[in-house]
Structures are given as structure tokens and as C-alpha cells.
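Student: Could you show me how to read helix packing and salt bridges in a structure?
Tutor: Gladly, let's open it and look together.

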Protein chains: 2
Amino acid sequence: MTKAPIGVFDSGVGGLTVVKEIMNQIPGETIIYFGDTARLPYGSKSKKTIITYTRQIVRFLMRKGVKAIVIACNTASAFALETIKDEIDIPIIGVVKPGAKVAARTTLNGKVGVIGTEGTIQSGIYNRFLSKTNPKVTVFGKACPLFVPLVEEGLIDDPITFEMARRYIGELLDKDIDTLVLGCTHYPLLRETIRKVVGDEIFLVNPAYETAKCLAAVLTEHNLRNDTTQALNHKFYVSDGAEKFKRFANTILPCEVMETKDINIEELG
Amino acid sequence: MTKAPIGVFDSGVGGLTVVKEIMNQIPGETIIYFGDTARLPYGSKSKKTIITYTRQIVRFLMRKGVKAIVIACNTASAFALETIKDEIDIPIIGVVKPGAKVAARTTLNGKVGVIGTEGTIQSGIYNRFLSKTNPKVTVFGKACPLFVPLVEEGLIDDPITFEMARRYIGELLDKDIDTLVLGCTHYPLLRETIRKVVGDEIFLVNPAYETAKCLAAVLTEHNLRNDTTQALNHKFYVSDGAEKFKRFANTILPCEVMETKDINIEELG
């Protein structure tokens with residue numbers, strides 16, 4: 001079982017920022033990735049829909065024999081993790097809790113900003129997890145629906161993206177936050193632009209990094225860490241546009257993605 | 001049969017610009033609308049996926065007893081119309097052909113610009129239809145992937161949208177086009193901003209308007225026009241976010257949308 005792969009999924013390419021951190025922090029683990037590119041974005045969709053999609057994808061990954069699952073999407077973590085974790089018998093973690101914990105422990109003035117999709121922000125989930133760790137924290141959330149399309153359009157370092165970031169994040173700065181959670185797995189790709197907007201004084205929390213750390217701990221706890229040396233055979237599946245996904249993946253990941261495969265998740269799931 | 005409704009569908013709210021034109025031009029017809037909000041946007045997805053989705057939706061609409069169908073989405077018209085029309089026995093039209101015909105007949109210098117989603121532009125379908133009507137036409141296509149999210153974010157009249165429009169359409173202006181097709185049903189909502197970018201000399205083609213005209217002609221040809229007076233009972237279905245859809249619909253349509261209904265298209269279709 002320790003040699004079994006880790007299942008990781010997201011609505012599209014954003015979850016690759018989590019895969020990158022896993023590859024860096026626990027390089028002995030094999031990844032089976034699923035990007036639901038046919039149905040992205042998740043951020044504007046309802047809880048019911050996201051639970052249905054998550055259930056289909058978890059079923060797909062379990063059929064591939066994974067030993068643990070990472071929901072590398074904030075929206076799906078916010079909406080579906082609680083429901084799904086009771087339905088399966090392997091460890092499953094999301095990206096919200098690890099990020100929230102670090103933010104709650106880092107803030108000095110107790111004012112934490114969270115940026116994410118409409119779904120993540122409206123769910124109030126960061127608020128709940130942050131308050132649980134540190135009841136003195138006040139959370140200011142802001143949905144940034146244009147960030148994902150701007151990243152997908154490749155406008156990573158562009159005046160338009162800077163101007164949108166200034167508008168979105170400006171109102172959080174007015175609240176005097178000292179910590180900002182990048183609450184969507186696409187957003188670490190905009191880190192430089194966001195840094196320009198917030199200046200040097202604000203601590204940026206990247207949940208992708210914290211999630212990989214949390215995964216390592218969970219695997220150890222369940223005696224699932226792979227300590228043997230083996231050739232890794234990462235696999236990448238998407239529900240649409242395998243070639244486009246591959247090009248994007250190869251700009252993000254430390255290893256080369258040789259092949260991505262299109263699958264019909266509605267039929268399979 | 002003449003009293004039966006017209007089925008109209010789109011990936012989301014964009015197709016409402018077509019519904020609006022139908023209501024204005026043939027006000028005696030009842031509409032059954034489906035917006036595939038759980039799986040939008042269509043513009044970045046593959047032909048295979050769009051055909052699958054279109055087939056599910058057409059099946060759903062036919063079970064509602066429609067007498068004719070309008071694909072109120074350029075991407076689905078480009079990718080799926082040819083395949084689907086051979087599978088059903090009622091009239092079905094898309095938005096591409098009516099818009100292309102008018103553009104081909106309107107241009108004086110033979111240089112026509114087309115803006116649309118990645119899928120529509122890459123399919124080359126406007127090129128084919130324009131050339132069929134007028135072989136002397138040269139078509140310049142430009143994908144504008146950020147226009148749909150900008151509309152959905154409500155940035156209809158905003159400096160950021162103007163700047164994106166200037167970048168996208170600027171290169172078409174350099175080609176000396178005299179006619180520009182708004183090749184995505186969201187784009188008529190950006191008409192004022194686009195007008196500011198192109199100036200007064202360029203003819204803007206709105207396929208929504210031309211499609212409603214074409215539908216009227218098709219209904220007459222098949223003896224399907226409803227000439228009786230009856231209370232109209234338009235119905236609006238979506239695959240996600242019924243309330244959000246309703247709010248948007250009520251800012252666009254000439255009648256009030258009282259109710260929208262969520263349905264599970266994957267199970268039903």
C-alpha cells in the first residue's frame with residue numbers, strides 16, 4: 001500500500017501548484033492527477049454541483065488504487081470535503097485547513113485577508129477554520145472572479161492584472177490586514193503581481209505549500225509514506241483539452257509531463 | 001404543433017440576447033430556455049465535449065415538446081450543429097450562419113473581422129460561411145477569452161474592459177476591416193465599449209438579431225408560426241445557480257422572469 005500513488009485533483013491547472021509542492025517536499029510519492037477541464041471553473045458553481053463532481057472524481061481516483069487523496073481546489077475543499085470524507089476509507093485532505101492554520105498562527109494584529117473564488121468566499125470556510133485555531137482573528141474575505149481567467153489567458157505579469165488586483169485587494173488593505181491567504185490554487189501564479197499591490201509588510205500564505213506539509217504528516221501518521229526508491233510514474237488525466245493542459249503543466253512542474261489523457265468523467269464517475 | 005414552444009439554449013446567460021430578439025421580432029412564440037451554467041464556459045472546450053453537451057440538451061428540450069430549436073451559442077453552433085441536425089426531425093438553427101450571411105453582404109471592402117471564443121475562432125466556421133456567401137471576402141478572426149468573464153463580472157462599461165477590447169480588436173483594425181461580427185452571444189452586451197474602440201465607421205453585426213429573423217423565416221417555411229393569441233408561458237432552466245441566472249435575465253429581457261429551475265442535465269440528458 002505504501003507504494004500506491006497519491007490522488008490529486010482540481011477543476012483544471014490550478015492544482016498543479018499543489019503537485020509542485022508535493023514533488024518538492026515528498027519526492028518519493030507517485031501522483032495521479034485529475035483536472036476537470038471540461039467543467040471548470042468550479043468557483044462560480046453551487047455546493048450541490050461541486051459535491052456531485054467531487055464524488056465522481058474521487059470514485060475515478062480510487063479505481064486507480066490511490067492510497068490518499070488531496071483536493072487541490074479551494075472551492076471543492078470548502079464545499080465537498082466534509083461530505084466526501086465520510087464516504088471513503090482512505091485519508092483525504094483539502095487545501096483550506098492547512099492554509100487557515102498557518103494564517104491564524106502568523107497574524108500579529110489578528111486581521112487576516114482571504115482572496116478566493118465566489119464559492120470559497122461565500123462558504124465562509126476560511127473564517128470557520130481560522131476562528132477555530134485563533135478565536136481572536138477577524139477575517140476579511142474578497143472574491144476575485146477574474147483572477148482565474150486572467151491566469152488561464154497568460155496575463156500573469158500585466159498592467160490589467162495589476163489593476164484588477166489593486167481593486168480586489170485594495171479594500172482588504174484598507175482593513176489593515178497583516179496576513180493574506182491566497183485562497184485559490186491559481187493565485188500563487190500571480191504572487192509577484194499580488195506582492196506589488198500589497199507591498200513587503202504583508203505575509204502571504206500559500207496553501208499549496210502548507211497542504212504538501214500536511215499530506216506528508218498524514219502519510220506518516222497512517223504508515224503510508226513511501227520510503228523505497230522506485231521509478232516514479234506520475235499520471236495526468238483531464239476531462240478535456242489534454243494537449244493544452246500538458247503545455248501548461250510543463251511550465252509549472254519540476255518534472256516533464258510526457259503524456260496527458262482525456263477521459264469522460266461523467267460516464268466513468 | 002404551432003402552439004408548441006421554441007427551445008433555445010446556451011452555455012449560460014449569453015443566449016438571452018437571442019431570446020430578447022425573438023421576443024421582440026416574433027412575440028407570439030413561447031420559449032423554453034436552457035442555460036448550461038454548471039458546465040460553462042463552452043468557448044475553451046473541445047469539439048467532442050461540446051457535441052456531447054449539445055446532444056444532452058437537445059434531448060432535454062425535445063422531451064419538453066419543442067417544435068424547433070435555436071443553438072444560441074456560437075461555440076456550440078460551430079462545433080455541434082452539423083452533427084446534431086441529422087439526428088433530429090425538427091428544425092434546428094444556430095447563430096453563426098445568419099450572422100455570417102449579413103456580414104458577407106454588408107462589407108464594401110471585403111475585409112470582415114470576427115471576434116469570438118477560442119473554440120469559435122479556431123473552428124474557422126465564420127470563414128467558411130462568409131466565403132460561401134461572398135467568395136471575395138477575407139476574414140480576420142480574433143479570440144477574446146476574457147470578454148465572457150468580464151461580462152459575467154458586470155464590468156460592462158469599465159476602463160479594464162475598454163483596455164482589453166482595444167488590445168483584442170486593435171489588431172483587426174490594423175487590417176482595415178469595415179465590418180465586425182460579434183461572434184459570441186455575450187458580446188452584444190459589450191456593444192457600447194466595442195463601439196468606442198472601433199469608432200463610427202465600422203458596421204457591427206449582431207448575430208442574435210439575424211438569428212431571430214432567420215427563425216421567423218424557418219417557422220413560416222415549415223408552417224410552424226403561432227398566429228393564435230395565447231398567454232405565453234416562457235420557461236427557464238439552468239444546470240446551476242437558478243437565482244443568479246434569474247437576476248441576470250431580468251436585467252436583459254423585456255419580460256419578467258418569475259422563476260428559473262435547476263435541473264441535472266447529466267442525469268436527464
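This is a predicted model: local features need pLDDT of at least 70, side-chain atom pairs count only at pLDDT 80 or more; totals for chains, interfaces and linings use all residues.

Student: Which side chain does D157(B) meet in a salt bridge?

Tutor: As a general idea, side chains of opposite charge can pair when their charged atoms come close. Here the partner is K196(B), at 3.2 Å from N to O. The two sit 39 residues apart and link distant parts of the chain: K196(B) belongs to helix α9, D157(B) to the loop between α7 and α8. K196(B) is exposed too, with a relative accessible area of 54%.

Student: How far apart in helix α3 of chain B are E82(B) and K85(B)?

Tutor: They are 3 residues apart, so about one helical turn separates them. They form a salt bridge, with the closest N and O atoms 3.4 Å apart. Both are partly exposed, E82(B) at 48% and K85(B) at 38%.

Student: And how do I read the packing of α2(B) and α3(B)?

Tutor: Two packed helices are described by the angle between their axes and the distance between the axes. For α2(B) and α3(B) the angle is about 70° and the axes are 9 Å apart, so the helices are roughly perpendicular to each other. Their crossing is right-handed. Among the contact residues are I50(B) and V58(B) of α2(B), and F79(B) and I84(B) of α3(B). The contact residues divide into 7 nonpolar, 3 polar and 2 charged.

Conventions:
Residues are numbered from 1 along each chain as its sequence is written. Chains are lettered from A and ligands numbered from 1 in the order in which they are written. Side-chain values use heavy atoms; hydrogens and water are left out. Axes are lines fitted to C-alpha atoms, for helices over the stretch in contact, and angles run from 0 to 180 degrees between N-to-C directions. Helices (H or I, at least four residues) and strands (E, at least two) are DSSP runs, numbered from the N terminus. Angles under 35 degrees count as roughly parallel, over 145 as roughly antiparallel, 65 to 115 as roughly perpendicular and the rest as oblique. A crossing is left-handed if the near helix is turned anticlockwise from the far one by less than a right angle, and right-handed if clockwise. Contact means heavy atoms within 4.5 Å. Ala, Val, Leu, Ile, Met, Phe, Trp, Tyr, Cys and Pro count as nonpolar, Asp, Glu, Lys and Arg as charged, and the others, Gly among them, as polar. A salt bridge is a side-chain nitrogen of Lys or Arg within 4 Å of a carboxyl oxygen of Asp or Glu. Buried means under 20% relative accessible area, exposed over 50%, partly exposed in between (1.4 Å probe, protein chains only).
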